[in-house]
Amino acid sequence: MAAYAVVNVEITDPAGFAEYRKSVPATIAAFGGRFLARGCATEVLEGEWIPKRLVILEFPDAATIKAWYHSVEYQQLLELRKRTAISDFVIVAGV
């Protein structure tokens, strides 16, 4: 069953984050993932949460998301993301 990574990103270092943004797609594709939304416009209809930069990724399943997240290739980029942005990252199971 498909699973989704939902990430809210507040970029604190745009120049540094540009390197992350350029490098991360290949790691996602290598694990069968794809972008469903990447920094697109959002509109709040209820509540007070205002996403900064919302990214939604689809993977074959939650185990694959975890394998990608913990992979050597992504761990190097994760350190770059943590230096250049503040993020919330959750996995959502598909139906």
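This report covers the sheet, the nonpolar core and the salt bridges of a predicted model.

Residues are numbered from 1 along each chain as its sequence is written. In this predicted model, local features need pLDDT of at least 70, side-chain atom pairs count only at pLDDT 80 or more, totals for chains, interfaces and linings use all residues, and side-chain values use heavy atoms, without hydrogens and water.

**Sheet and helices**

Four strands form an open sheet in the order 2-3-1-4, with antiparallel pairing. Strands pair if DSSP finds at least two bridges between them. Helices (H or I, at least four residues) and strands (E, at least two) are DSSP runs, numbered from the N terminus. Strand 2 (34-38) and strand 4 (85-93) are the edges; each has a single partner strand, so one side of each lacks a neighbour in the sheet. From one strand to the next, the twist averages 20 degrees.

Six bridges join strand 1 (residues 3-11) to strand 3 (residues 54-59) in the antiparallel sense. Ala 5 has Leu 57 as its bridge partner in strand 3. Helix 1 (residues 14-30) packs on the sheet and touches strand 1, strand 2, strand 3 and strand 4. Contact means heavy atoms within 4.5 Å.

**Core**

The largest nonpolar core has 18 residues. Such a core is a set of buried Ala, Val, Leu, Ile, Met, Phe, Trp, Tyr and Cys residues joined through side-chain atoms within 4.5 Å. Buried means under 20% relative accessible area, exposed over 50%, partly exposed in between (1.4 Å probe, protein chains only). Residues with the most contacts inside this core include Tyr 20, Leu 57 and Trp 68. Strand 1, helix 1, strand 3, helix 2 (62-69) and helix 3 each give it two or more residues.

Thr 27 lies in helix 1. Thr 27 is buried, at 10% relative accessible area. Leaving out residues up to four places away in sequence, Thr 27 touches Trp 68, Glu 73, Tyr 74 and Leu 77.

**Salt bridges**

The count is two salt bridges. Each needs a side-chain nitrogen of Lys or Arg within 4 Å of a carboxyl oxygen of Asp or Glu.

| Pair | Closest N and O atoms |
|---|---|
| Glu 19 and Lys 22 | 3.4 Å |
| Arg 34 and Glu 58 | 2.7 Å |

Arg 34 lies in strand 2 and Glu 58 in strand 3, so this pair ties together parts 24 residues apart in sequence. Arg 34 is partly exposed at 47%, whereas Glu 58 is buried at 17%. Glu 19 and Lys 22 are three residues apart in helix 1, about one helical turn. Glu 19 is partly exposed at 38%; Lys 22 is exposed at 61%.

How values were computed
Axes are lines fitted to C-alpha atoms, for helices over the stretch in contact, and angles run from 0 to 180 degrees between N-to-C directions.
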